[in-house]
Amino acid sequence: MIVVGAISACAWFVDYIVPYYLSNEHTFGDTTIIPYGYHEGSLLNPSWDSVKVVNGSTTVILRNVSLDLTLLNPQSRGVALDLGELDAKIEVPPEDSTKETTLESPEFPEKAKFYIPVKLNIGKGNVALSNGNSWSFEKFSLNSKGKQSAALAVSNVQGSQIPHPAGTKINVDFSSSNLKVHGKLYSQGDSLDLVVMAPKDNMLDIASSVETDVDNLEEWLPFNWPQKAPQITGIHVKAN
């Protein structure tokens, strides 16, 4: 009788409590999450038409959200989150030119790990800052590679200070005492291949190597190049 009651309670929990929790608004501290159009594919494979995340003046809207959890099968265990579209409006504090800033060396969290495989895909997105800067992108992906490494890629990035649509592929490895980042940026005829390493306990102690081909440097500068200054084109740099 006790066993039957326990099974009935578990069934009620799955059929009522879980869908109720996943389809209603929740607040965690200063952040409110509002789901719309919840679809119960299965307990471990829910989806939503959209999810709105609000924190102060910052608003993020996720559309066509699908979550796939596989926990018991060791061959395919992992978490996969697919977003059709991301639309973010982010409030940033105004710059204070009179305020002195001190740069402290951050530490990479030693316990950071992907305890199960993680995949994140975003079909397209738009990010707008309150200071007027904005960007758009397509085909963002993040995939864990083991417990302490990951690969990131994004294409067709456009917006502030990006003269041509650009893409990037980045590999991050934090399995040793150093954090290592290998990134490739490409845009039409321009490319940048950058390797950066830093100790986890002193991430300002950076060692890097770079190889770049830039057709027109002026297009990438965050300021206007003086008209009377020499023109800089066709740059190839390889350095440590």
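**Surface and strand contacts**

Modeller: At 33% relative accessibility, leucine 44 counts as partly exposed. Please bear in mind that the model is predicted.

Biologist: Where is leucine 44 found?

Modeller: Leucine 44 sits in the loop between β2 (31-40) and β3 (46-55).

Biologist: Which residues form the nonpolar patch on the surface?

Modeller: The nonpolar patch consists of Leu43, Leu44, Leu71 and Leu72, and together they have about 410 Å² of accessible area.

Biologist: And which residues make up the negative surface patch?

Modeller: The negative patch is formed by Glu107, Glu110, Asp201 and Asp205.

Biologist: Where is the place of aspartate 205?

Modeller: Aspartate 205 is in the loop between β11 (190-199) and β12 (207-216). Aspartate 205 has a relative accessible area of 45%, so it is classed as partly exposed.

Biologist: Let us change topic. How many salt bridges does the structure hold?

Modeller: There are 2 salt bridges in the structure. In one of them, arginine 63 pairs with glutamate 85, with the closest N and O atoms 3.7 Å apart. Arginine 63 lies in strand β4 and glutamate 85 in strand β5 (residues 78-90), so this pair ties together parts that are 22 residues apart in sequence.

Biologist: Why can such side chains pair?

Modeller: Side chains of opposite charge can pair when their charged atoms come close.

Biologist: What is the relative accessible area of arginine 63?

Modeller: The value for arginine 63 is 28%, so this residue is partly exposed.

Biologist: Which side chain meets lysine 89 in a salt bridge?

Modeller: Lysine 89 meets aspartate 87, at 3.8 Å from N to O.

Biologist: Is aspartate 87 buried or exposed?

Modeller: Aspartate 87 counts as buried, because its relative accessibility is 19% and the cut-off for buried is under 20%.

Biologist: How far apart are threonine 59 and lysine 89?

Modeller: Threonine 59 and lysine 89 are 30 residues apart in sequence, while their C-alpha atoms are 5.3 Å apart in space. Threonine 59 belongs to strand β4 and, at 21% relative accessibility, counts as partly exposed.

Biologist: And threonine 58, where does that residue lie?

Modeller: Threonine 58 is also part of a strand, namely β4 (residues 58-70). With 18% relative accessibility, threonine 58 counts as buried.

Biologist: What lies 3.1 Å from a polar atom of the threonine 58 side chain?

Modeller: That is the backbone nitrogen of glutamate 91.

Key. Residues numbered from 1 in each chain as written. Predicted model: local features only at pLDDT ≥ 70, side-chain atom pairs only at ≥ 80, totals over all residues. Heavy atoms only, no water. Patch = residues over 30% accessible without salt bridge, like charges linked within 9 Å, V, L, I, M, F, W, Y side chains within 5 Å. Areas by Shrake-Rupley, 256 points an atom, 1.4 Å probe, with all protein chains shown as cover. Salt bridge = Lys/Arg side-chain N within 4 Å of Asp/Glu carboxyl O. Lys, Arg positive; Asp, Glu negative; His and termini not counted. Charge placed at Lys NZ, Arg CZ, Asp CG, Glu CD. Helix = DSSP H or I, 4+ residues; strand = E, 2+ residues; numbered from the N terminus. Buried < 20%, exposed > 50% of the residue type's maximum accessible area, 1.4 Å probe, protein only. Polar contact = N/O pair within 3.5 Å; in protein donor to acceptor, adjacent residues only side chain to side chain.
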